[in-house]
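Please look through the sequence and the model below before reading on.

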Amino acid sequence: MRRIIAEDAEWSLAIVPLLTELCIQHIVKNFQNNPLLKKLLPEHQQRVLDHLSPDLPLTITANLIDDENYWRRCCIQRWPVCHVSRHGGSWKRMLFERHLEDLIKHFIPGTTDPSVILDLLPLCRNYVRSVRVDQFLPPVRFPPATREGELSDSGSEGEREELTMDHYELGDLAAGLKHLEELDLVYGVKDCGMNFEWNLFLFTYRDCHSLAATVKACHTLKVFRLTRSRVDDDKARILIHSLLDHPALEELDLSHNLIGDRGARAAAKLLSHSHLRVLNLANNQVRAPGAQSLAHALAHNTSLVSLNLRLNCIEDEGGQALAHALQTNKCLTTLHLGGNELSEPTATLLSQVLSVNTVLTSINLSCNHIGLDGGKQLLEGMSDNKTLLEFDLRLSDVAQESEYLIGQILHTNREAARQQALNPNHSVPTISSPENPAG
């Protein structure tokens with residue numbers, strides 16, 4: 001009997017690869033030049049996908065591969081932290097959204113080739129639904145040749161400088177992404193370190209007009225956020241005007257900007273010309289006149305469910321106007337008025353609202369000056385309320401006893417709501433608060 005003595009000590013007939021395995025290895029090795037995935041049997045397709053490199057060009061894989069495990073490997077290789085839940089639970093959608101966001105965040109106008117983004121849009125148009133960009137880089141500026149005796153801190157020079165600080169225009173996104181539903185933007189520069197300049201955080205009028213045209217053209221847009229971008233009244237009015245009668249918009253977030261009463265009046269007009277459900281104007285410069293405009297629109301609105309005006313300065317004049325509106329409004333469920341210089345007069349009217357309103361589930365009056373008597377008024381209004389589930393009165397000068405008793409009523413309401421959710425077809429009896437509840 002003949003014997004074969006192999007030079008490789010580990011060689012054995014038992015481990016000679018099957019022809020199928022050799023074919024799969026060849027397909028994987030040459031996939032970039034010959035991507036014949038769809039011609040394979042399902043079990044062979046999966047084995048090829050398990051061995052494909054995550055570094056393959058998107059021009060090949062975008063419309064060919066739907067396997068989530070493959071896209072998961074691609075995401076994990078690119079980014080150390082991956083929250084797929086923020087992308088609808090889809091790894092493929094996450095890769096395209098984050099890849100597009102990274103390109104926009106590092107795009108330098110006048111330096112980066114626009115085709116870098118334009119070539120990607122046809123590949124990701126069916127998968128991108130959300131774009132979140134927290135950085136827009138300005139063009140590269142070369143120091144101007146200054147003449148002797150000229151000053152560089154004049155206001156006119158700052159105005160001329162603003163004209164040259166425009167950022168990447170997003171108009172191509174509206175045309176190229178047919179399923180775009182969420183746009184979350186911050187005009188600024190991250191990690192600028194010792195190179196900090198206020199000009200790096202300019203949201204110019206050209207940026208504003210370009211963005212306004214973009215959101216107007218994007219008929220599928222449901223959520224629009226533009227925060228921490230130094231948006232003032234004039235720019236807010238330009239943006240909001242483009243959103244009037246928008247067919248799909250449900251949430252508008254312009255928090256942490258410089259919007260005053262004129263911008264608030266524009267937002268009030270939007271409430272009457274849209275189906276907006278969430279409006280966030282937190283940390284702006286809205287005062288009583290702006291709040292009164294919002295209140296007038298709110299009194300007749302039938303779609304808004306959440307209004308956030310925290311960290312403004314509407315004072316009692318604005319707070320009372322909103323309270324009057326809530327007596328007739330039948331849709332608002334969440335109201336945040338924290339840090340608005342409110343006091344007892346507003347609390348008195350809100351107590352009347354609490355006794356008749358059956359829609360509100362959450363109110364925040366924290367960091368105001370409600371006072372002892374205002375707290376008692378709110379407690380009196382809460383005694384007849386069965387629907388409010390959250391009521392934040394921290395740092396509002398309310399007596400501890402009033403705050404505690406209001407908390408007990410809220411606990412009762414939450415328990416009733418829980419029972420109603422468990423037994424939707426049965427009425428839940430009123431649960432009385434114990435006289436001496438524990439803890």
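The model is predicted, so local features are taken only at pLDDT of at least 70 and side-chain atom pairs only at pLDDT 80 or more, while totals for chains, interfaces and linings use all residues. Residues are numbered from 1 along each chain as its sequence is written, and side-chain values use heavy atoms, with hydrogens and water left out.

The protein has 17 helices and nine strands, taken as DSSP runs (H or I of at least four residues for helices, E of at least two for strands) and numbered from the N terminus. Of its 439 residues, 47% count as buried, where buried means under 20% relative accessible area with a 1.4 Å probe and protein chains only. Among contacts (heavy atoms within 4.5 Å) between residues at least 6 apart in sequence, 78% join residues at least 24 apart.

Two packed helices are described by the angle between their axes and the distance between the axes. Helix α14 (residues 315-326) and helix α15 (residues 344-356) pack at about 5 degrees with axes 9 Å apart, the axes being lines fitted to C-alpha atoms over the stretch in contact and the angles running from 0 to 180 degrees between N-to-C directions. That angle makes α14 roughly parallel to α15, a label used for angles under 35 degrees. On the α14 side the contact is made by D316, G319, Q320, A323, H324 and L326, and on the α15 side by P345, T346, L349, L350 and V353. The buried residues of α14, including G318, A321 and L322, pack against α13 (288-300), β6 (306-308) and β7 (334-336) as well as α15.

In soluble globular proteins, nonpolar side chains tend to be buried together. Leaving aside neighbours within four places in sequence, L211 is in contact with residues including L170, Y187, F203, F224 and L239.

Finally, where does L37 lie? L37 is placed in the loop between α1 (19-29) and α2 (42-51), and at 2% relative accessibility L37 counts as buried. Beyond its neighbours within four places in sequence, L37 is in contact with F31, Q45, V48, L49, L64 and I65.

How values were computed
Buried < 20%, exposed > 50% of the residue type's maximum accessible area, 1.4 Å probe, protein only. Parallel < 35°, antiparallel > 145°, perpendicular 65-115°, else oblique.
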